[in-house]
Amino acid sequence: LSVVNAINITTNASICSGQTYTLPGGNSVSISGTYIDTLTAAGGCDSIITTNLNIIKTITTNQTVSICNGNTYTLPGGTNVNTAGIYNDTINSSTGCDSIIITNLTILQNTTGLINVTVCDKEGYTFSNGTSVYNSGIFNDTLIAKNGCDSILIVNLSVNPSPISNITPGPVININYGTNTTLTATGLGTYNWNTSTGLNTTLG
């Protein structure tokens, strides 16, 4: 008489959440746990198969993303979008199971402002990029706002021409020390004569 011991086999298996696993005995299961199946081996003896089943849960990740108006964002699944909303992407993770990434996309609006500027014709106005203009008009100056998006500053520029002074010359007069003479001038507000610098004027 020969006694043949039962064959014991242990199997470790993993499936993704939502999937089913077929045990050696033919039953399908979808819950993690240890399952024992007793089968009849070729020699007529029992073969005991222990299955340790592990369920890999779906990984869900939430992310919040902001982009400037007019730009596009590439979702984890590869789709380009430019509209605010909530997007779901299902991709394969390193475990081979699904990974769900939920993206909350916000669109940041560009801001617009208006300023009125008056300068003299020789001064001009310098924009944020270093460009200067010397003529009246309405111009757009693009800045970067605190949110990192474009801020459009509308500049209403008025350029005033430099005033023209008229000094009416009189007859040549020799001025002796201690004596006075009078010059007639129009067009400006104040006049100052200096023997070293000449005539200085300011707009009144």
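User: In this predicted model, is cysteine 149 buried or exposed?

Analyst: The model is predicted. The cut-off for buried is under 20% relative accessible area. Cysteine 149 has a relative accessible area of 1%, so this residue is buried.

User: Which cysteine does cysteine 149 bond to, and how far apart are the sulfur atoms?

Analyst: A disulfide is a covalent bond between the sulfur atoms of two cysteines. A pair counts when the sulfur atoms lie within 2.5 Å. For cysteine 149 the partner is cysteine 68, with the sulfur atoms 2.1 Å apart.

User: Where do cysteine 68 and cysteine 149 sit, and how many residues apart are they?

Analyst: Cysteine 68 is in strand 6, residues 59–68. Cysteine 149 is in the loop between strand 14 (137–144) and strand 15 (150–160). The pair links distant parts of the chain, 81 residues apart.

User: What is the handedness of the disulfide between cysteine 16 and cysteine 97?

Analyst: The two cysteines are joined with an S to S distance of 1.9 Å. The torsion about their S-S bond is about -85 degrees. The disulfide is therefore left-handed.

User: Which parts of the chain does the pair of cysteine 16 and cysteine 97 tie together, and how far apart in sequence are they?

Analyst: Cysteine 16 lies in strand 1, residues 7–16. Cysteine 97 lies in the loop between strand 9 (85–92) and strand 10 (98–108). So the tied parts are 81 residues apart in sequence.

User: What is the pairing of the bonded cysteines, numbered in sequence order?

Analyst: The whole structure holds 2 disulfides. One joins cysteine 16 to cysteine 97, and another joins cysteine 68 to cysteine 149. In sequence order, the pairing is 1-3, 2-4.

User: Is cysteine 120 buried, partly exposed or exposed?

Analyst: Buried means under 20% relative accessible area, and exposed means over 50%. Cysteine 120 has a relative accessible area of 39%. That value falls between the cut-offs, so cysteine 120 is partly exposed.

User: Which residue of strand 10 is the bridge partner of valine 65?

Analyst: Strands of a sheet pair through backbone hydrogen bonds, either parallel or antiparallel. Strand 6 and strand 10 run parallel, joined by 10 bridges. In strand 10, the partner of valine 65 is leucine 105.

Key
Residues numbered from 1 in each chain as written. Predicted model: local features only at pLDDT ≥ 70, side-chain atom pairs only at ≥ 80, totals over all residues. Heavy atoms only, no water. Helix = DSSP H or I, 4+ residues; strand = E, 2+ residues; numbered from the N terminus. Buried < 20%, exposed > 50% of the residue type's maximum accessible area, 1.4 Å probe, protein only. Pairing = 2+ DSSP bridges.
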